[in-house]
Amino acid sequence: MGDEKVTAFVDYHMACLAMRQGVDKTDVQDLYARFIRYLEYCREHGVIPGNANAQLAIGVSRHDINEWAKGVRGTAEHKAFAHDFKALMASVNEQAAADGILNPVLSIFWSKAYYGLTDVPK
């Protein structure tokens, strides 16, 4: 990577870390606002949104999202947020792979790791 790519890479991750500051996981409307802020940042900087980076920027963990989605903890609003998060990120993954923006191997990995895709032999 050239210096500009390295700088952009580090700036992106520093921005994600800064976005998470002061998060209150009980405030679902703020979680939505943080998610939108992250997506806007990605749009403005030409970055494909990713699960781990979105979670970093929002201030939640994969564990939080999965437990909220299952209804193991949190409120009905948390469950809706988790489902919205997963649906949007799956949509981004699918579209990026279909458009040739995302490496197909990475797309398959994400689909298995985050969205429940499985290989089922006949």
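Helices (H or I, at least four residues) and strands (E, at least two) are DSSP runs, numbered from the N terminus. The model is predicted: local features need pLDDT of at least 70, side-chain atom pairs count only at pLDDT 80 or more, and totals for chains, interfaces and linings use all residues. Residues are numbered from 1 along each chain as its sequence is written, and side-chain values use heavy atoms, with hydrogens and water left out.

**View 1. Overall fold of the protein chain.** The pattern along the sequence is α-α-α-α-α-α, that is, 6 helices and 0 strands. The radius of gyration, taken over C-alpha atoms, is 15 Å, close to the 14 Å from the globule rule for 122 residues, so the protein chain is as compact as a globular protein of that length. The globule rule is 2.2 Å times the number of residues to the power 0.38. Along the principal axes, the C-alpha trace spans about 50 × 45 × 20 Å. Of the contacts (heavy atoms within 4.5 Å) with a separation of 6 or more, 55% are between residues 24 or more positions apart.

View 2. Of the 122 residues, 30% count as buried, meaning under 20% relative accessible area (1.4 Å probe, protein chains only). There are 13 positive and 15 negative side chains, and the centres of the two sets lie 8 Å apart. Lys and Arg count as positive, Asp and Glu as negative; His and the chain ends are not counted. Each charge is placed at NZ of Lys, CZ of Arg, CG of Asp or CD of Glu.

**View 3. The ring pair Tyr12 and Tyr41.** The whole structure holds 6 aromatic pairs. Rings of Phe, Tyr and Trp (its six-membered ring) pair if their centres lie within 6.5 Å; planes under 30 degrees apart count as stacked, over 60 as edge-to-face and the rest as tilted. Tyr12 and Tyr41 have ring centres 6.0 Å apart and planes at 35°, so this pair is tilted. Tyr12 sits in helix 1 (residues 3-19) and Tyr41 in helix 2 (residues 28-45), 29 residues apart, so-called distant parts of the chain. Tyr12 and Tyr41 are both buried.

**View 4. The ring pair Phe81 and Phe85.** This aromatic pair is tilted, with 6.4 Å centre to centre and 40° between the planes. Phe81 and Phe85 are separated by about one helical turn because they lie 4 residues apart in helix 5 (residues 76-98). Both Phe81 and Phe85 are buried. Ring pairs link Phe81 and Phe85 into a cluster with Tyr32, Phe35 and Trp68.

Key
Buried means under 20% relative accessible area, exposed over 50%, partly exposed in between (1.4 Å probe, protein chains only).
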